[in-house]
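I opened the model to look up its charged contacts. My entries follow the structure.

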Amino acid sequence: LEPDRGLLNSGYIYDFFKQTSLDLCREVLAATGQPVGEGPIHERDERAMRYLFVLQKFVDGMQQVKHGGCILMVPEGTTRQSLKETVTVKYPCRDVTTWNCLRGKSILYERFYRGREMGEAGQHKGQDLVDLQSEMADVEHGLRDSLDALVRFTAVDGAVLMTRRFELLGFGTVVRLSQAAHQAQYKVCRCKDRQATTPEPITIEDYGTRHRSAFEFCHSSPSPSVAFVASQDGGIKTVTGVRNHVYFWENMSFDLSAEG
């Protein structure tokens with residue numbers, strides 16, 4: 001059986017990232033002087049999809065280098081202090097470059113395409129569009145560099161800790177494994193579809209420290225969380241807490257072209 005492709009299109013994992021993708025839409029609309037309104041934004045808005053594509057590129061990057069790694073993602077606003085009972089961060093830091101580049105890229109794209117439409121109507125100067133193209137290239141380069149840096153951090157022993165807005169909180173992160181993690185006092189279930197309709201309980205002791213750490217983090221984190229674990233062979237597991245247990249998806253791709 002082929003794995004379900006659209007893990008970022010619907011289901012538990014998508015639900016974790018959905019609000020952040022829509023927040024990006026609202027920020028871009030507000031920054032470009034467009035009415036934000038109070039109504040819902042379409043989930044497949046191109047700005048929201050741009051966020052998901054960056055997330056996909058980041059996780060794919062960790063998978064492609066095949067050194068193994070772990071990414072722990074928490075809601076924006078989460079601090080290292082709030083996680084002090086759960087993790088120890090060897091290299092604490094705070095960097096928001098990736099989100100700023102993504103936001104800036106989206107704003108520039110919006111201004112460029114709106115300006116091109118005005119230019120076709122004779123209401124916009126061509127030089128302005130040339131300048132915008134140059135700025136877009138610079139920001140795109142910055143976004144690519146910041147993602148490459150994040151991928152390299154995953155090679156350091158321990159996990160990369162960051163928010164859904166790609167705010168880097170630290171790397172070399174070690175999850176404090178409780179006695180419960182060793183005795184499997186909570187269920188860890190393998191899922192075969194993004195809706196987790198038939199979760200299959202597994203034996204936690206059959207997995208290595210990196211996987212057990214991801215399971216424990218998603219179970220004990222004070223806020224909702226998602227972990228991405230890469231094996232050295234390139235396989236990716238996606239982990240999240242569901243009610244009082246932990247669910248994970250094995251070797252599932254983030255194919256955004258799959259049906260939602």
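How many salt bridges does the count come to? I took a salt bridge as a side-chain nitrogen of Lys or Arg within 4 Å of a carboxyl oxygen of Asp or Glu, and by this rule the count comes to 13.

I note that this is a predicted model, in which local features need pLDDT of at least 70, side-chain atom pairs count only at pLDDT 80 or more, and totals for chains, interfaces and linings use all residues. Residues are numbered from 1 along each chain as its sequence is written, and side-chain values use heavy atoms, with hydrogens and water left out.

Entry: the overall chain. I found six helices and nine strands, taken as DSSP runs numbered from the N terminus (helices H or I, at least four residues; strands E, at least two). Of the 260 residues, 50% are buried; buried means under 20% relative accessible area, exposed over 50%, and partly exposed in between (1.4 Å probe, protein chains only).

Entry: Asp45 and Arg47. I found their side chains joined in a salt bridge at 2.6 Å, N to O. Asp45 is buried at 17% relative accessible area, and Arg47 is buried at 9%.

Entry: Arg94 and Glu167. I found a salt bridge here, with the closest N and O atoms 2.9 Å apart. Arg94 lies in strand 2 and Glu167 in the loop between strand 3 and strand 4, so the pair ties together parts 73 residues apart in sequence. Arg94 is exposed at 62%, whereas Glu167 is buried at 14%.

Entry: a network. I found Glu27, Glu76, Arg103, Arg164 and Arg165 linked by salt bridges.
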